[in-house]
Amino acid sequence: MEKQSKQQPRQDDLIKNELKSIINAIKTHIEFERGFGIDTVTISKSINNLPLPVYHKKTLPLESPAINSSSDHISKNEKVRSRKLLEELRNEILSCHKCPLGKTRTNLVFGVGNPTADLMFVGEAPGRDEDLQGEPFVGRAGQLLTKIIEAIGLNRKDVYIANILKCRPPGNRNPLPEEIVLCLPYLIKQIEIIKPKVLCALGTFAAQTLLDTKAPVGTLRGKFHAYKGIPFMVTFHPAYLLRNPNDKAKVWEDMKKVRDLLNELLQKDKNYST
Ligand code: SF4
């Protein structure tokens, strides 16, 4: 009997801890779903036979405020100048045939978005939809990226989106090292013109290329690195998330860090100018 009473508190603790971790997991899941624009959370009937609870997003506040403004602090002249420089760069590479992808592409996929964006995303290479439309991230992965951007309180037009490669590798194969070497200077120029406060690499190729490392994305993600002094977050590519939806929560954690750092940097700018 004495033995049982000693074991009882430990079992209670175990159950409490288990319940805590389940509740935390549910909270993270709800916050993530809400952040990615999903209105309701459905709990499987297999858990029990109780009526299914439905959570509406308005009842679930975010942990910290969304980003207030994207580029109010940037002068009109600066925006005009960046737009012009990007346009000149685009015209310069429209007929690029430095690598064989220039022959097989339908359209060059230069980049899209705010020419003075505070946040710039860098992906891998155009896919089929992007090649046809001449714009990065317009397919299913692109729709998910738009949701990710909106989840941190920005619109797609507030940020800038570009890829390491400007032309589609046939059959969506991985970029070859020599293609990356030849195309990378264009992306570097884009970053120099846009001067984002924060960079976010989407997936292995963007992360490994800009950080000059062979480390896997799984170990690079979740913390800030630096690219030429710019805070640089690494997260999973949206196309990977479509195949591995369980990792969406990790991306949501990464994006909350991006949102918080951007808010902090924008607030510093505001304090400095007043
Ligand atoms: S992928 Fe880059 S380097 Fe190759 S042809 Fe296209 S723009 Fe030129």
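In this predicted model, helix α2 (residues 76-93) packs against helix α6 (residues 177-194) at an angle of about 170 degrees, and their axes are 9 Å apart. Angles over 145 degrees count as roughly antiparallel. The pair α2 and α6 is therefore roughly antiparallel. On the α2 side, the contact uses Ser82, Leu85, Leu86, Leu89, Glu92 and Ile93. On the α6 side, Tyr186, Lys189, Gln190, Ile193 and Ile194 take part. By class, the residues of this contact are 7 nonpolar, 2 polar and 2 charged.

Helix α6 also packs against helix α7 (residues 204-211). Here the angle is about 80 degrees, with the axes 12 Å apart. The range from 65 to 115 degrees counts as roughly perpendicular. Helices α6 and α7 are therefore roughly perpendicular to each other. From α6 come Ile180, Leu184, Leu187 and Ile191. From α7 come Phe205, Thr209 and Leu210. This contact divides into 6 nonpolar residues, 1 polar and no charged.

| Helix pair | Angle | Axis separation |
|---|---|---|
| α2 and α6 | about 170 degrees | 9 Å |
| α6 and α7 | about 80 degrees | 12 Å |

Next, the ligand. It sits in the largest cavity. Which residues are around the ligand? They are Cys96, Lys98, Cys99, Gly102, Arg105, Leu108, Lys166, Cys167, Cys183 and Tyr186. The shell holds 6 nonpolar, 1 polar and 3 charged residues. Tyr186 of α6 belongs to the contact with α2, and Tyr186 is also among the residues around the ligand.

A further site is Glu124. Where does Glu124 lie? Glu124 is in the loop between β2 (119-123) and α4 (128-133). Setting aside neighbours within four places in sequence, Glu124 is in contact with Asn163, Ile164, Leu165, Asn174, Pro175, Phe205 and His237. One of these, Phe205, is also a residue of α7 in the contact with α6. Ile180 is 56 residues from Glu124 along the chain, and the C-alpha atoms of the two are separated by 9.6 Å. Ile180 is itself one of the α6 residues in the contact with α7.

Note on methods: Residues are numbered from 1 along each chain as its sequence is written. This is a predicted model: local features need pLDDT of at least 70, side-chain atom pairs count only at pLDDT 80 or more; totals for chains, interfaces and linings use all residues. Side-chain values use heavy atoms; hydrogens and water are left out. Axes are lines fitted to C-alpha atoms, for helices over the stretch in contact, and angles run from 0 to 180 degrees between N-to-C directions. Helices (H or I, at least four residues) and strands (E, at least two) are DSSP runs, numbered from the N terminus. Angles under 35 degrees count as roughly parallel, over 145 as roughly antiparallel, 65 to 115 as roughly perpendicular and the rest as oblique. Contact means heavy atoms within 4.5 Å. Ala, Val, Leu, Ile, Met, Phe, Trp, Tyr, Cys and Pro count as nonpolar, Asp, Glu, Lys and Arg as charged, and the others, Gly among them, as polar. A residue is near a molecule or strand if one of its heavy atoms lies within 4 Å of it. On a 1 Å grid over the protein atoms alone, a cavity is a set of points where a 1.4 Å probe fits but cannot get out, and a pocket is an open set with protein on both sides within 12 Å along at least five of seven lines; lining residues have an atom within 4 Å of a point. A molecule sits in a cavity or pocket if more than half of its atoms lie within 2 Å of its grid points.
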